[in-house]
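Hi,

Here is the model I said I would pass on, with some notes on what turned up in it. Could you have a look when you get a moment?

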Amino acid sequence: MRLYLTALNPTDAVLEGFLPAAAALGLSATVLTDRPAEWPSDAPVVRCAVRDATAVVAATAPTRPVALLSNSDHLQEATAIAARKLGLPGKDPDAARLCKDKAAARRAIAAAGLDLVRTITIDPGIAPEVPVEMFPAVVKPREGVASEDAYLVADHSELVARVTEIRGRRPDVALVVEEYLAGELRTFETLGDGTALASLGGWRTSLGPPPTFTEESLHWSPPAESASTQLRARLDALGVGFGACHTEYVIADGRVRLIEVNYRLIGDRMDLILAELLGVPLFEHVIRLHLGEPLAALSLPTTVDRYAQVEYVCAETSGRLTAAPGRLDTVHGDVRLGCRPLRAVGRVAEHTGTNRDYLAVLHAIGPDQATVRQSMAAFRSDLQWTIVE
């Protein structure tokens, strides 16, 4: 029985999560990618134009696949269309498209009467025209991911400067300008089988200084019941309900306001950390949903009696990373700690103010918040990263 995964760049989620999970379930796994040269030589990859659903279907022709899925923001719609053509369980292609298109997602939420976020699309080559009452605002690619090319702008002159800067790198990308949603950034992690939806919990996210939106740390903080109810209503409006989903939001005056919906697992190693915190085979669960198993068949915790903290070590300048800790796993009392490098020693990189500046991710899982924070502080103080400009 063969499972196909569509992907672009090699990620820890695929290499350390989905491929071992497939093996544990007795499945043969093949990664379809348009960048096979970038993958490890022992990875089971096949070249494919993965943004084209027809090409994905054709690539599975040598075998009869039992499941097809993707953990890439860029490939959800094409993969969903291909799964439907193959008669396999999968996401609704319209929902996948809505989640990727930030302007369309805003319209769908507003049409459902749930929230109205003022949003203006700026097509390539068009000068931005935004009413003064919308500032401060956020400008970002309409189909962007994470914090890449997302900026807070205070007025029209800052907006024009940022649009010019982004177009210098990505001239053909449509942008959106939307009102800035103030509040503490949080996440909502879910799994669904197309009928039922389960909450896995969520995180409270601390950001670096504006005008960029770099995530610097996350603290375990599942949403309250009232927030969870509002979040589910918004996901329903987008048609989200199958497989994994990672939702970012803030709460203003008791009302949930979505930042964005990423129709896949939380990224930047947070998926692997979440699996460890929950104590469940998370990647196996995602695969089993794509095999057509019901959500009720999965063993999911109803409560989590542990606390977790994650910190990203960010480069503060451009230059060459000349010294850094390697992969570490240790125990401090009742707290399990880990360090995973995200940038190789010797690599030269520009400072961007985004998650491309991540050098490493540290995590701590233990019995309570105070114990975890104390252990994390001690752990981080013993580690050093050196960048030479």
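Let me begin with D149, which is found in the loop between β6 and β7 (151–153); strands are DSSP E runs of at least two residues, helices are H or I runs of at least four, and both are numbered from the N terminus. The model is predicted, so local features need pLDDT of at least 70 and side-chain atom pairs count only at pLDDT 80 or more, while totals for chains, interfaces and linings use all residues. Residues are numbered from 1 along each chain as its sequence is written, and side-chain values use heavy atoms, with hydrogens and water left out.

**Backbone angles**

D149 is not a glycine, and yet its phi is positive, about 60 degrees. This aspartate is buried, with a relative accessible area of 3% (buried means under 20%, exposed over 50%, partly exposed in between, with a 1.4 Å probe and protein chains only). D253 is another non-glycine with a positive phi, of about 55 degrees. D253 sits in the loop between β13 (242–252) and β14, and at 86% relative accessibility D253 is exposed.

Two cis peptide bonds may interest you as well. One runs from F135 to P136, with omega near 0 degrees, and P136 is in the loop between β5 and β6. The other runs from P210 to P211, with omega near 20 degrees; P211 belongs to the loop between β11 (203–207) and β12 (215–220).

E133 also has its place in the loop between β5 (119–122) and β6 (137–141). Is E133 buried or exposed? E133 is exposed, at a relative accessible area of 52%.

Helix α8 (residues 270–278) has 8 of its 9 residues buried, so the rest of the structure largely encloses it. The buried ones are M270, D271, L272, I273, L274, A275, L277 and L278. After α8 comes G279, with a positive phi near 70 degrees.

Then there is an open sheet of 3 strands in the order β19-β16-β21, with antiparallel pairing (two strands pair if DSSP finds at least two bridges between them). β19 (348–349) and β21 (386–388) are at the edges with a single partner strand each, so one side of each has no neighbour in the sheet. β16 (residues 319–323) and β21 are joined in the antiparallel sense over 3 bridges, and L321 has I387 as its bridge partner in β21.

**Cavities**

How many cavities of 30 Å³ or more does a search of the whole structure find? The search gives 6. A cavity is a set of points on a 1 Å grid over the protein atoms alone where a 1.4 Å probe fits but cannot get out, and lining residues have an atom within 4 Å of a point.

The largest cavity holds about 150 Å³ of space. It is lined by 15 residues, of which A105, R106, L258, I259 and E260 are closest to its centre. α5 (102–111) and β14 (255–262) are the elements that give two or more residues to this lining. By class, the lining of the largest cavity has 9 nonpolar, no polar and 6 charged residues.

The second largest cavity holds about 90 Å³. Its lining includes D73, Q76, C99, K100, E260 and Y263, and the elements that give two or more residues to it are α4 (93–100) and β14. Here the classes are 5 nonpolar, 3 polar and 4 charged.

**Cysteines**

The structure holds 0 disulfides (pairs of cysteine sulfur atoms within 2.5 Å). C99 is in none, and the nearest cysteine sulfur to it, that of C245, is 5.6 Å away. C99 is buried, with a relative accessible area of 8%. C314 is likewise in no disulfide, with the nearest cysteine sulfur, that of C339, 13 Å away; C314 is partly exposed at 21% relative accessibility.

Best wishes

Terms used
1 Å grid on protein atoms, 1.4 Å probe; cavity = no way out; pocket = protein on both sides within 12 Å on 5 of 7 lines; lining within 4 Å. Points joined across faces, edges and corners; volume = space filled by probe spheres on them. Nonpolar A, V, L, I, M, F, W, Y, C, P; charged D, E, K, R; others polar.
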